[in-house]
Amino acid sequence: MRRAGLGEGGPGTYVASGYSVYEEENERLQEGLKAKVNVLKSLSIDIGTEVRYQNKMIDEMDTDFDSTGGLLGATIGRVKQLSRGSQTKLLCYMLLFCLFVFFVLYWFIKLR
């Protein structure tokens, strides 16, 4: 039971068993595609794992920044309280000391 193609035994002929060169090539290509799909699946799983890890790290950093903001806010609140209170002399002395240190450092760097 043969069907004629381009020539007897040529690429377009089918043998009685129903198996052809095209079927072999299709199976080979299917195996190649299965391997590529498995690689892509593994890669997408790895990307998902990395994204979850990065999100966890970002959440932890946000928590650290929030606690730092609380500390900074408390410090600024204390400085405001100093400026509002009767410790204006203390604030003035602190400002003069900072200016003195700045000028001493400026003079020291300029002499170098």
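**Reading a predicted helical model**

Modeller: In this predicted model, the side chain of S20 comes to 3.3 Å from the backbone nitrogen of Y22.

Colleague: Where does S20 lie, and why is S20 called buried?

Modeller: S20 belongs to the segment before α1, the helix of residues 21-84. Its relative accessibility is 7%, and buried means under 20%, so S20 counts as buried. Buried residues make up 2% of the 112 residues in the protein.

Colleague: How many helices and strands are there in the protein?

Modeller: The protein has two helices and zero strands. Helix α2 comprises residues 88-111, and Y93 is found in it.

Colleague: What is the relative accessible area of F103, and what makes F102 and F103 an aromatic pair?

Modeller: The relative accessible area of F103 is 51%, which is over 50%, so F103 is exposed. The structure holds one aromatic pair. F102 and F103 form this pair, with ring centres 5.6 Å apart and 65° between the planes. The centres must lie within 6.5 Å, and planes over 60 degrees apart count as edge-to-face, so the pair is edge-to-face.

Colleague: How do you know that K34 forms a salt bridge with E31?

Modeller: The closest N and O atoms of K34 and E31 are 3.9 Å apart. The rule asks for a side-chain nitrogen of Lys or Arg within 4 Å of a carboxyl oxygen of Asp or Glu, so the pair qualifies. The count by this rule is one salt bridge.

Colleague: Why are K34 and E31 separated by about one helical turn?

Modeller: They are separated in this way because K34 and E31 are three residues apart in helix α1. Side chains of opposite charge can pair when their charged atoms come close.

Colleague: Which residues does the UniProt annotation "transmembrane region" cover, and what does the model show for residues 90-109?

Modeller: The annotation, from an unreviewed UniProt entry, covers residues 90-109. In the model this span is 100% helix and 0% strand, and its end C-alpha atoms lie 29 Å apart.

Conventions:
Residues are numbered from 1 along each chain as its sequence is written. This is a predicted model: local features need pLDDT of at least 70, side-chain atom pairs count only at pLDDT 80 or more; totals for chains, interfaces and linings use all residues. Side-chain values use heavy atoms; hydrogens and water are left out. Helices (H or I, at least four residues) and strands (E, at least two) are DSSP runs, numbered from the N terminus. Buried means under 20% relative accessible area, exposed over 50%, partly exposed in between (1.4 Å probe, protein chains only). A polar contact is a pair of N or O atoms within 3.5 Å; within protein, one must be able to donate a hydrogen and the other to accept it, and residues adjacent in sequence count only if both atoms are side-chain atoms. Rings of Phe, Tyr and Trp (its six-membered ring) pair if their centres lie within 6.5 Å; planes under 30 degrees apart count as stacked, over 60 as edge-to-face and the rest as tilted. UniProt positions are given in the numbering used here, feature names are shortened, and annotations may be inferred rather than shown by experiment.
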